[in-house]
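Colleague: I have a model to go through before class. Can you walk me through it?

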Amino acid sequence: MIRITDILDQASTYLPPTDVALIQKAYVFSAAAHAGQIRLSGEPYLSHPLEVSNILVDLRLDAATIVAGLLHDTVEDTDASVPQIAEQFGPEVGAIVEGVTKISKMNFESKEQAQAENIRKMILAMADDIRVILVKLADRLHNISTLEFQKEYKQRAIAQETLGIYAPLANRLGLYRIKVQLENYGLQYLKPDVYAQISEGINRYQDQGQAYIDKVCGMIQDVLEQNDIKGRVKGRIKHVYSIYHKMKQRGLTLDQIFDMIAFRVVVNNLRECYTVLGLVHSLWKPVPGKFKDYISMPKANMYQSLHSTVIGPEGERIEIQIRTEEMHQLAENGVAAHWSYKERGSKKAQDAERFSWLRQILDWQGDLKDSRDFMSTLSLDLFQDEVYVFTPRGQVKELPEGATPVDFAYTIHTEVGNHCAGAKVNGRIVPLNTPLKNGDTIEIITDASRSPSRDWLQFVKSGKARSRIKHWIGTEERARSLALAKELLEKEGRRMGINVGKAIKSGEFDPVVKEFSFRHIDDLFSAVGHGRITARQVLRKLLPKEEQKPEERKADKAGQAQPKPKDSSDAISIKGVDGVLIRYAQCCNPLPGDPIIGYISRGLGVTVHTQDCPNVANMEVERLLDVSWGGEEESKVLPARIKVVCKNQRGVLGMVSGLLAKEGINIDSGQFNSGVDGMSELDFVIEVKTTSQLYGIIEKIRKLEAVQEVTRSSAG
């Protein structure tokens, strides 16, 4: 276990004595608050905040961040409060601890919409104070490094969350050392067999590889000395996850990965970077298309370096990175290398540039009311590589890999994107869905009469483009739905003897809006325009009950969508809507207890999906509907699909089916597939009443000796 004296000694090398004393005070507070608490490993709980603060002090962060690292769990796990911490350690520390506590309460294993909303909140917390996410990343790094004490299902969930959220965030913030460790630990627990295979391959290669590294380093060092350049050279075998990623991306086996070794040359100034590049290329032949100049065109996190892949000694492909000492510090520690907090709110100009991507996210996230849209859009900007292209005037624009001229148009200005009619790439007219390459020069052709097309959503790659297109389409569709609604209401009003225009002006619709649970009259009319409710349903509310004639009621029924059958409608309630046909989606088989959402299919009523159904992400937002389970939700059985991974041994199918029969669960259908690895997959469709019943069954199957894993699955 790390000792506080080690942390204080390291902090004292770059912080004033008053800051070091504050860290000591925070340690005493944390030790008292966590007294008696034990981790799953059996160590005192205090070991965790100590390790977190040690990671932060390694990054040479300010005292407030290190103090927050020592205190980050006190609010959640002890009787300490944010006001108490703010009073003793200052408002900055209190705000950071509060931000980390909020992130810790976010459940990223939850359904898609809740998960997306939590990530949105985390991005907002980052924008308020980036130190919040720095503490959280250090917290996650230590937790995942001690993950062996958790249950297997928990290990997999945390590993998936780490690779899906925290490692990409560390990468975007330029925290290379933390990113590498998070990726390696994540792979180790998510795919232990793959991790073991690659690790074993690296170990076999280690002796031979080290000899090769020493040889190449010596050759580069000799060239530097011959040209009076002072610099240091280091070689390394790439980390496990980067090799796995390359294998997966290119469809290669471990034996087919040739460039497992990378070299780094650190020199004194910018001029020497390009001089060394020329010397390396004179020594070994560069691989065409494998040179990247991140010095003249830095990455989004301001990473700078020259990258070149060459054919080194013995015909080996090797990657060589060349950078200055300052660039190296930024490459290793990212935001931590330059983020200044000497005065609250003060930032250097380059810091403002470094976080332009964060400002862009905040800019377009306001247009996305639906959290699922936010998450899909965020993943485009946050988790992809970049390409660098030029405007006709030579200005560099950074875009996600695979971006198109439409993405480029929206980086210039929203109006340029909205009226984009064509594009020239390097002087040649190309289709709007053409992927852009590094170094392309783009010219956008606009036409005031043109507007965004829904088809653009199929190929745009940037978050800004996607959000602006959806915003335009949503606004246009709403305008059309309002116009159609007024036309339908006026037409129906003439039949019923109601002057709709007069009723709008006099406020007669106000109580109707509330009765249908809408906030504004336009929301009510939009629902009519989209076919969620009929004009007659709305106008009927304006008539006194005694004036509603029997034939009107009969006509009213005829004008409505097909009523819900009793066996399905009793289980579902829909805000502000009656008499609608309900269907359950077969792609996700929603069960009572699942968070659900409805989708209006014109002429087919409402189809109910689970909120995390993959198909929901591709649906029109305007036609999604809030639905919930009603009072009779346990009155009928519904299909649910489960997948059982088990040992391929005699009698295992009988064990599983016997358990289901004992629990009174009917098997509607099933498939049995055996693999070459000695494992089998059983895919069942069973009939249950609620999610609690389903997961109770899953837990019982999981306890069978031959069973390795049981999950609820979707169709397909």
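Modeller: A term to begin with: helices here are DSSP runs of H or I, at least four residues long, numbered from the N terminus. Keep in mind that this is a predicted model.

Colleague: OK. Which residue just after α22 takes a positive phi?

Modeller: Gly497, with a phi of about 75 degrees.

Colleague: Let's zoom out. How many helices and strands are there in the chain?

Modeller: There are 30 helices and 20 strands.

Colleague: What share of the residues is buried?

Modeller: Of the 716 residues in the chain, 50% are buried. The chain exposes about 34,700 Å², and 49% of that comes from carbon and sulfur atoms.

Colleague: What about contacts between residues at least 6 apart in sequence?

Modeller: Of those contacts, 65% join residues at least 24 apart.

Colleague: Back to helices. At what angle do α2 and α6 pack?

Modeller: About 150 degrees, with the axes 11 Å apart. Helix α2 is residues 17-33 and α6 is residues 82-89. Angles over 145 degrees count as roughly antiparallel, and α2 and α6 are therefore roughly antiparallel to each other.

Colleague: Is their crossing left-handed or right-handed?

Modeller: Right-handed.

Colleague: Which residues meet there?

Modeller: On the α2 side, Leu22, Lys25, Ala26 and Phe29. They meet Gln84, Ile85, Gln88 and Phe89 in α6.

Notes
Residues numbered from 1 in each chain as written. Predicted model: local features only at pLDDT ≥ 70, side-chain atom pairs only at ≥ 80, totals over all residues. Heavy atoms only, no water. Helix = DSSP H or I, 4+ residues; strand = E, 2+ residues; numbered from the N terminus. Buried < 20%, exposed > 50% of the residue type's maximum accessible area, 1.4 Å probe, protein only. Contact = heavy atoms within 4.5 Å. Areas by Shrake-Rupley, 256 points an atom, 1.4 Å probe, with all protein chains shown as cover. Axes fitted to C-alpha atoms, helices over the stretch in contact; angles between N-to-C directions. Parallel < 35°, antiparallel > 145°, perpendicular 65-115°, else oblique. Left-handed = near helix turned anticlockwise from the far one by under 90°.
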